[in-house]
Amino acid sequence: MKALLLSLLLLPFAAFAQAPVIQISGANFRPLPLAYPAPLTVDDGGKKATADFDDPFLFDLRASGLFQVLDRASFTADAKEGITAGSINFARWSDVGAESLVKVQLGAEGGTLRGELRLFNVGSGREDFKASHAVPTSEPRQLAHFLADALYRHLTREPSPFLSHIVFVRKARDNRDVWTADWDGNNARALTSGGINLLPALGPDGAVAYTSYRKGQPDLYLQKPGSEAQPIVQNGQMATGVAFSPDGKRIAYAQAQGESTQIYVANTDGSDPKRITDTPYGINSSPSWSPDGKRLAFVSNRGGSPQIYVMNVDGTNARRLTFQGNYNQTPDWSPRGDLIAFTARDERNAFDLFSVNVDTGKITRLTQDQSNNEEPVFSPNGRLILFSSTRTGTAQLFVMTAEGNNPLPLPMGKGGGLTPDWAP
């Protein structure tokens, strides 16, 4: 039982329609200066849940790229100030540079934790939006993600990534295991236990596909929610780099074939495979679907070095997309359709992240001078990028905006992460 009660309470339509919509990208974008004081509580149950709510809610706000979240140490307003406009001294919030103010109140009763959020325009003192939600008392993190998503949707008219999930690989001695988690790396659980398991992909229905050596050879496995993993490609040849189509009905993957590696498209259960590349002695790998499911980005060395290409899903009309650098890999096609993020080895032999515009071929550098940064994957709304970085000394998952701004490590505790994937 996930949510006991759901209610999204909006102001009258006229007031809602007048509220500004934040344009997330573009030359004129400026993060909104936002004040968010510690949640108010109405009972002991609410107090008990405060820390487990507050940490993920703050991370969602900071990682979104929408807000300049102001330091609580600068706040001068009374900490016991209420959550209604009449109880708030807006001049105190204006004094610290806030343009918007978010207030949250928590309370618990009978096994149910309820949260109420209100958004205020500091300049006018107007309440622009409010939302409430209730969950079991054991799930304050889910309450935080839900209310952050409601706020994000109100300000952008888009879904946030806060209710989505990720998969990744975690190293433990000689083992490589596949893990799944909430978008911020919390509530993580292992899907495999021991052995070598690599390059997981997360489908829109929650299914996870990955390469595993559990039977001594690199086969593809599919694990649906609540079920055991089942082999879907096992023919004695290395099968890797699996990717789900946007509708979850097909997969694309790379398979070794003699002295070459070719890309195949098949049904999600591995049936009806069709080879869609044919370059003798060449390597074709790392397929990534376009959001309309009609094209694939992939890596090929057919031109002499690994570069990013795009082609139709039947293998026709292959077109080289990158011409800079001599080692470009791990493409991920944005759900917005305009960009492909990828890893490249630069002139210092360091790995960094770039994006390329699918139509124009324009290259944008996203990371630099921060050790190795690899394996980018877009959020389901295309606004953020998750990636693996060694900037802290060991491989760890970071998130940043699609423009390369505001990089933050996921607060996922020890263990780090590699080769992430992200889905609704």
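Beyond its neighbours within four places in sequence, Trp179 contacts Ile166, Val167, Phe168, Arg170, Ala188, Arg189, Ala190 and Leu191; contact means heavy atoms within 4.5 Å. This is a predicted model, in which local features need pLDDT of at least 70 and side-chain atom pairs count only at pLDDT 80 or more, while totals for chains, interfaces and linings use all residues. Residues are numbered from 1 along each chain as its sequence is written, and side-chain values use heavy atoms, with hydrogens and water left out.

**Trp179**

- Trp179 sits in strand 9 (residues 175–182). Helices (H or I, at least four residues) and strands (E, at least two) are DSSP runs, numbered from the N terminus.
- Trp179 is partly exposed, at 21% relative accessible area. The cut-offs are under 20% for buried and over 50% for exposed, with partly exposed in between (1.4 Å probe, protein chains only).
- Ile166 is 13 residues from Trp179 in sequence, and their C-alpha atoms are 8.4 Å apart.

**Nonpolar cores**

- The largest nonpolar core holds 45 residues. Such a core is a set of buried Ala, Val, Leu, Ile, Met, Phe, Trp, Tyr and Cys residues joined through side-chain atoms within 4.5 Å.
- Phe53, Phe57, Phe67, Val102 and Val399 have the most contacts inside this core.
- Helix 4 (residues 140–156) supplies the largest share of this core, nine residues.
- Another core, of 14 residues, lies apart from the largest one; Ala201, Ala209, Phe244 and Tyr264 are among its members.
- Phe53 touches Tyr36, Pro39, Val104, Leu106, Pro140, Leu143, Ala144 and Leu147, not counting residues up to four places away in sequence.
- In soluble globular proteins, nonpolar side chains tend to be buried together.

**Largest pocket**

- The largest pocket has a volume of about 1100 Å³.
- The search uses a 1 Å grid over the protein atoms alone; a pocket is an open set of points where a 1.4 Å probe fits, with protein on both sides within 12 Å along at least five of seven lines. Lining residues have an atom within 4 Å of a point.
- Grid points are joined across faces, edges and corners, and the volume is the space filled by probe spheres set on the points.
- The lining has 47 residues, of which Pro287, Ser288, Pro331, Asp332 and Asp421 lie nearest the pocket centre.
- Two or more lining residues come from each of strand 11 (197–202), strand 15 (239–244), strand 19, strand 20, strand 23 (328–333), strand 27 (373–378) and strand 31 (418–423).
- The lining divides into 27 nonpolar, 16 polar and four charged residues. Here Ala, Val, Leu, Ile, Met, Phe, Trp, Tyr, Cys and Pro count as nonpolar, Asp, Glu, Lys and Arg as charged, and the others, Gly among them, as polar.

**Two buried serines**

- Ser290 lies in the loop between strand 19 (284–289) and strand 20 (295–300). Ser290 is buried, at 2% relative accessibility.
- The side chain of Ser290 makes a polar contact with the side chain of Asp292, at 2.5 Å. A polar contact is a pair of N or O atoms within 3.5 Å; within protein, one must be able to donate a hydrogen and the other to accept it, and residues adjacent in sequence count only if both atoms are side-chain atoms.
- A polar atom of the Ser290 side chain lies 3.4 Å from the backbone nitrogen of Lys294.
- Not counting residues up to four places away in sequence, Ser290 touches Pro246, Arg295 and Trp333.
- Ser300 belongs to strand 20 and is buried, with a relative accessible area of 1%.
- The side chains of Ser300 and Arg302 make a polar contact at 2.9 Å.
- Leaving aside neighbours within four places in sequence, Ser300 contacts Ile283, Asn284, Ser305, Pro306, Gln307 and Tyr309.

**Positive phi**

- Asp272 has phi near 55°, a positive value in a residue other than glycine. Asp272 is in the loop between strand 17 (260–267) and strand 18 (274–275) and is partly exposed, at 46%.
- Thr419 has phi near 40°, also positive in a residue other than glycine. Thr419 lies in strand 31 and is buried, at 15%.

- Glu374 is in strand 27 and is partly exposed, at 24%.
- Glu374 contacts Gln329, Thr343, Phe351, Leu353, Phe387 and Ser388, leaving aside neighbours within four places in sequence.
- Asp359 is in the loop between strand 25 (351–357) and strand 26 (363–365) and is exposed, at 69%.
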